[in-house]
Structure formats: structure tokens, C-alpha cells
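Visitor: Hi, could you walk me through this one? I'd like to ask things as they come up.
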Amino acid sequence: MKRKKPLGRKPPQKKGVKRPKATSEKSLRARADKVAGSWFRAYGRCVACGEGSFACDQVIQWCHIVRRGCRLIRHDPRNALPMCRSHHVWFTHRPELWYTFVERLDPGRLQLLVDVDTARSGERLVDVYQGYLDWYAAHESYEGWDGWLH
């Protein structure tokens, strides 16, 4: 069977022309995930070095203090630590040791995060994600920022 009309495809985009950035919740969350993850991996060392009976494996990951499912504080730099893959997995399976470690590292951090999450309730996630993207753009590296080790 022969088509009467050609398929309704969009013409190919010219090279060098960038598409405008999407601003949906999903796309902003994905961009914020990428930016925040890179920011924490750039720290270059595990803050839990010496915890447990094993050595760090040198693969740095972005670890959340309060689970990443809490979307209002998911990208908050105060809710994360740079940690090696081994310690990340080790603490994931030992939540009681995790909360003890965080409290020893930075007393009051857990309560602060609960308060921030509560205060931000009702905000649109698009605005929250954009706010964190703006923060990370203004703080290109962890140099001089002692948000998790004070």
C-alpha cells in the first residue's frame, strides 16, 4: 500500500543550534542530580575514611544523609557527603551506625535537615531544583565551603 502523504517528521535541526533547556520537574531533577553528583565527587576523598574494618576504594560517590527520596532536600549540599563506594554501601546496610556517624561528624545536622525539609514543604519542586542549580553554579567547587565539616 502506497502512502498518500509523507510521514510527518520534523525537519532535522541545524548544526550549532542548541535547543532551549527544558524546565520540567523531571528534567530539572536530572540536571540537578548530575551537577550535585559531580560537585561532591570532585571533593576527591571519602569523609568516612577509617570507619569500618576495610580500606576506601577511591571511587567517590554522592551520599545522602537523609534518603534521596526526600525531594525537597535531595540536592541540598548540607544533605550530602562525599564518600567512597565501599563506605556508602557499608553505611546503607547499617542505618543505626550511619546516623551515629553523621551526628559525631556534625552534631545537629540531622535535625537541621528535618527542619529544612519541613520549612520547604509546599514549595514547587521546579523552583526548589532551580534554586539548587543556581547554588551549585555560584559555588563551582567545594573549595572554601565547609558545609559538612564544621
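Visitor: How many residues does helix α4 have, and how far does α4 reach from its first C-alpha to its last?
Guide: Helix α4 covers residues 109-120, which is 12 residues, and reaches 16 Å from first C-alpha to last, close to the 16 Å expected at 1.5 Å a residue. The expected span is 1.5 Å times one less than the number of residues. Helices here are DSSP runs of H or I with at least four residues, strands are runs of E with at least two, and both are numbered from the N terminus. Before we go on: this is a predicted model, where local features need pLDDT of at least 70, side-chain atom pairs count only at pLDDT 80 or more, and totals for chains, interfaces and linings use all residues. Residues are numbered from 1 along each chain as its sequence is written, and side-chain values use heavy atoms, with hydrogens and water left out.

Visitor: Okay. Which residues of α4 are buried?
Guide: R109, L110, L113, V116 and R120. Buried means under 20% relative accessible area, exposed means over 50%, and partly exposed is in between, using a 1.4 Å probe and protein chains only. Looking down the axis of α4, these buried residues fall within an arc of 125 degrees, so they line one face of the helix. That arc is taken over the directions from the helix axis to the C-beta atoms.

Visitor: What do the buried residues of α4 pack against?
Guide: They pack against α3 (95-105) and α5 (125-138). Contact means heavy atoms within 4.5 Å. On the face turned away from the buried side, α4 carries the exposed residues T118 and A119. After α4 comes G122, which has a positive phi, near 100 degrees.

Visitor: Let's zoom out. In what order do the elements of the chain run?
Guide: From the N terminus on, α-β-β-α-α-α-α. That comes to five helices and two strands. The chain has 150 residues, and 35% of them count as buried. Of the contacts between residues at least 6 apart in sequence, 71% join residues at least 24 apart.

Visitor: And α1, which of its residues are buried?
Guide: L28, A32, D33, A36, G37, W39 and F40. These cover an arc of only 155 degrees around the axis, which puts them on the same side of α1. K26 and K34 are exposed on the other side. The buried residues of α1 pack against β1 (60-64), β2 and α5. As for length, α1 spans residues 25-41, so to speak 17 residues reaching 24 Å between its end C-alphas, close to the 24 Å expected at 1.5 Å a residue.

Visitor: Switching to cysteines. How many disulfides are there?
Guide: Zero, taking a disulfide to be a pair of cysteine sulfur atoms within 2.5 Å.

Visitor: What about M83, buried or exposed?
Guide: Buried, at 0% relative accessibility. M83 is in strand β2 (residues 80-84). Leaving out residues up to four places away in sequence, M83 touches C46, V47, A48, V59, I60, Q61, C63, H88, F91, W98 and F101.

Visitor: At what angle do the axes of α2 and α3 cross?
Guide: Roughly 115 degrees, and the axes of α2 (residues 85-92) and α3 come within 7 Å. Axes are lines fitted to C-alpha atoms, for helices over the stretch in contact, with angles from 0 to 180 degrees between N-to-C directions. W90, F91 and T92 of α2 meet P95, L97, W98 and F101 of α3.

Visitor: Last one: where does Q58 lie?
Guide: In the loop between α1 and β1. Q58 is exposed, at 61% relative accessibility. Its phi is near 70 degrees, a positive value in a residue other than glycine.
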